[in-house]
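Visitor: I would like to go through this structure with you. Could we begin with the terms and then turn to the details?

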Amino acid sequence: MTSKLDPVRCFLLDMDGTFYLGDKLLDGSLDFIDAVVKSGRDYLFLTNNSSKSADYYVQKLGRMGLKVDKSKVLTSGQATAMAVLREFPGKSAFVLGNAFLMEELSGLGVSIDQQNPDFVIVGYDTSLDYAKMTAVCDFVRQGLPYVATHPDFNCPTETGFAPDIGAIMAFIEASTGRKPDLIVGKPYGGIVEAALERTGRQAGELAMVGDRLYTDVETGLRHGILAVLVMSGETTPEMLEQSQTVPDAVYGRLADMIQEL
């Protein structure tokens, strides 16, 4: 029996709502990873959350029983570093972000100058205050190139949602009249380019698996990657039925794919 998963050599896996929910591992997630590896395939965790570093996620996954190194995690912060080093060689950035993002960017070679930057990077800043918002708006208003790590409006939490970078970008636009010149994270191309580089695969050999239609599924549909929706997180049956974004395949959870590997 043929399966849409047959050509897939590497699974790009969203994390929250797909592999785990908050701090709780979703049932069957470790079994799925075991099956992927036993089938001779590979996997890469792909997250839009730029408020946490790859090191943070390695530790979190380890606590859940999956031991991986940093090469198995690609954050929008890492992808943003790759993009700006390519787009602005030798230039310095003002970064609206927390300590995790600052460390991740600088560790990958991005020069940070909070006083006299050449361009602006905006991330999901969980340490945001009014002075930082005023500073970023000043630089954006001056016309400096403006890069956002990802587009999400809200970040899921165990109690609901927290305002994410999309809300921050709306604040900046209301003050300056400008939208980002470049958005890197899902469903945009920057994080896909980074994933292709990291995995060494072609788009047709990949599957993007996640619980969000407008980021995870859209990433696959826009970039020639198999778009797989899992119903273990944000998307409800009603949302799927009403959406104009149609995934290539739908499963209840990651483990439901095991029989097709």
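Guide: One term is needed at the outset: a residue is buried under 20% relative accessible area, exposed over 50%, and partly exposed in between. Please keep in mind that this is a predicted model.

Visitor: Which residue forms a salt bridge with Glu-205?

Guide: The partner is Arg-201, and the closest N and O atoms of the pair are 3.4 Å apart. Arg-201 has 30% relative accessibility, so this residue also counts as partly exposed.

Visitor: How many salt bridges does a search of the whole structure find?

Guide: The search finds 16. Another of them joins Asp-23 to Lys-60, with 3.5 Å between the closest N and O atoms.

Visitor: Where do Asp-23 and Lys-60 lie?

Guide: Asp-23 is in the loop between strand E2 (20-21) and strand E3 (24-25), whereas Lys-60 belongs to helix H2 (residues 54-63). The two are 37 residues apart in sequence, so the pair ties together parts separated by that stretch.

Visitor: And Asp-23, is it buried or exposed?

Guide: Asp-23 counts as exposed, at 55% relative accessibility. Lys-60, in contrast, counts as buried, at 7%.

Visitor: What about Lys-186: with which residue does it form a salt bridge?

Guide: Lys-186 forms one with Asp-216, and the closest N and O atoms are 2.8 Å apart. That pair links distant parts of the chain: Lys-186 lies in the loop between strand E12 (182-183) and helix H7 (189-199), and Asp-216 lies in helix H8, 30 residues apart. Both Lys-186 and Asp-216 are buried.

Visitor: How many residues of strand E13 are buried?

Guide: Five of the five residues in E13 (residues 206-210) are buried, and the strand is mostly covered. Leu-206, Met-208 and Gly-210 point one way, while Ala-207 and Val-209 point the other way.

Visitor: What does E13 pair with?

Guide: On the one hand, E13 pairs with strand E1 (residues 10-13) in the parallel sense over four bridges. Within that pairing, Leu-13 has Val-209 as its bridge partner, and Phe-11 stands opposite Ala-207. On the other hand, four bridges join E13 to strand E14 (residues 226-230), and these two also run parallel. There, Val-228 in E14 is the bridge partner of Val-209.

Visitor: How does the chain cross from E13 to E14?

Guide: The path goes through helix H8 (residues 213-223), and this β-α-β crossover is right-handed. Helix H8 has come up already, as the helix that holds Asp-216.

Visitor: Back to E1, then. Which way do its residues point?

Guide: Cys-10 and Leu-12 point one way from E1, and Phe-11 and Leu-13 point the other way; all are buried. E1 is also joined to strand E4 (residues 42-47) by four bridges, and the two run parallel. In E4, Tyr-43 stands opposite Phe-11.

Visitor: Finally, the helices. At roughly what angle do the axes of H3 and H4 cross?

Guide: The axes of helix H3 (residues 76-87) and helix H4 (residues 99-107) cross at roughly 40 degrees and come within 9 Å. H3 and H4 are therefore oblique to each other, and their crossing is right-handed.

Visitor: And what about H5 and H6?

Guide: Helix H5 (residues 130-141) and helix H6 (residues 165-176) have axes that come within 10 Å and cross at roughly 55 degrees. That angle makes H5 oblique to H6. The crossing of H5 and H6 is right-handed.

Key
Residues are numbered from 1 along each chain as its sequence is written. This is a predicted model: local features need pLDDT of at least 70, side-chain atom pairs count only at pLDDT 80 or more; totals for chains, interfaces and linings use all residues. Side-chain values use heavy atoms; hydrogens and water are left out. Buried means under 20% relative accessible area, exposed over 50%, partly exposed in between (1.4 Å probe, protein chains only). Two strands pair if DSSP finds at least two bridges between them. A crossover is right-handed if, with the strands pointing away from the viewer, the path from the first strand over the helix to the second runs clockwise. A salt bridge is a side-chain nitrogen of Lys or Arg within 4 Å of a carboxyl oxygen of Asp or Glu. Axes are lines fitted to C-alpha atoms, for helices over the stretch in contact, and angles run from 0 to 180 degrees between N-to-C directions. Angles under 35 degrees count as roughly parallel, over 145 as roughly antiparallel, 65 to 115 as roughly perpendicular and the rest as oblique. A crossing is left-handed if the near helix is turned anticlockwise from the far one by less than a right angle, and right-handed if clockwise.
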